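Here is a short briefing for a reader new to this structure. Take a look at the model, then follow the points below.

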Amino acid sequence: MKYIYGVDLGGTTVKMGLFDEEGNMLEKWEIVTRKENNGELILPDIAKAIADKNEEKSIDKDDVIGIGMGVPGPITEDGRVLKCANLGWGIFSVADELRKLTGVEKIKVGNDANVAALGEQWRGGGRGFDSIVMVTLGTGVGGGIILNGKILTGSNGAAGEIGHLLVNPHETRTCGCGKKGCLEQYSSATGITRMSKEKLEQTDTPSELRQYDHPITGLELFKAYKNDDALAKEIVDTFSNYLGKGLSHVAAVVDPQAFVIGGGVSKNGQIVLDVVQEKYEQDVMFALKGKEFRLAELGNDAGMYGAVRMVLS
């Protein structure tokens, strides 16, 4: 039997999975991401975890087809990281270093959002489509573009950063990226919390959102929206208006078969797809109407599946 390791490197933990050659997950576990000394321990820790698993399962190194890994930063197609601030990494070849540490020849590395998108296209909400755009609505808005079954990396590994599309030229607040009016400012969980706070402070409109004495979450907002809460409707309308507009711009460039929506906000289910698709259809040119909108299915495992898919591609 042959094996593949799928690794999803995060700022807090490293998610690791052992897969068979058909892409079935056999086991998964996590190790802590040790970021001290500019992250110098991260790759040795991953290599040790793989060596330990090989020993535990009596897996010969020659039976490991390869290792795939998603990294939270720009990654070139040949596996070089172009600085990764939250890990402390500079510019170096992650693929070459992991190859030296593990003795495994086939090492594939990609940006974590792109790799998760590949996982969803292969085994998740994007099954059956060759070309998708994955949108992750979490603390920020992330994205990954899969065209004809391959990750669209871009020249600097930064393709798919849809959270920083300009959707509101009149915005005065600055986004974390340094620009103003980015999609991320309205359609992320953080954006929902901020917009809710402002609406509650600036109006006296009756709303069930006023019962909470903590920052409003996406779950609370969409619950109120389903109950025909007027204030919640205004906030959801802003959220979906900008996300629909942003995705219409993306479609005009890459023309995917489907959009797959993931991240914490997507856990509100079909209602999220419905409100975003409605706005998308209003904004997009006629030749790009009628795209499929699907919910992501793999959750935190998407990165591991995508990492394995890179090795098998």
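With the side chain of which residue does the side chain of Asn168 make a polar contact at 3.3 Å? That residue is Tyr242. A polar contact is a pair of N or O atoms within 3.5 Å; within protein, one must be able to donate a hydrogen and the other to accept it, and residues adjacent in sequence count only if both atoms are side-chain atoms.

This is a predicted model: local features need pLDDT of at least 70, side-chain atom pairs count only at pLDDT 80 or more, and totals for chains, interfaces and linings use all residues. Residues are numbered from 1 along each chain as its sequence is written, and side-chain values use heavy atoms, with hydrogens and water left out.

**Around Asn168**

- Asn168 sits in the loop between strand S10 (150-151) and helix H5 (184-187). Helices (H or I, at least four residues) and strands (E, at least two) are DSSP runs, numbered from the N terminus.
- Asn168 is buried, at a relative accessible area of 10%. Buried means under 20% relative accessible area, exposed over 50%, partly exposed in between (1.4 Å probe, protein chains only).
- The side chain of Asn168 also makes a polar contact with the side chain of Tyr186, at 3.0 Å.
- Leaving out residues up to four places away in sequence, Asn168 touches Lys180, Gly181, Tyr186 and Tyr242. Contact means heavy atoms within 4.5 Å.

**Aromatic pairs**

- Rings of Phe, Tyr and Trp (its six-membered ring) pair if their centres lie within 6.5 Å; planes under 30 degrees apart count as stacked, over 60 as edge-to-face and the rest as tilted.
- The count by this rule is ten aromatic pairs.
- One of them is Phe222 with Tyr225, an edge-to-face pair with 6.3 Å centre to centre and 70° between the planes.
- Both residues lie in helix H7 (residues 218-226), three residues apart, about one turn of the helix.
- Phe222 is buried at 0% relative accessibility, whereas Tyr225 is partly exposed at 21%.
- The rings of Phe259 and Phe293 have centres 5.1 Å apart and planes at 35°, so this pair is tilted.
- This pair links distant parts of the chain: Phe259 is in strand S11 (residues 258-262) and Phe293 in strand S12 (residues 292-295), 34 residues apart.
- Phe259 is buried at 0% relative accessibility, and Phe293 is buried at 6%.
- Ring pairs also join Phe19, Trp122 and Tyr305 into a cluster.
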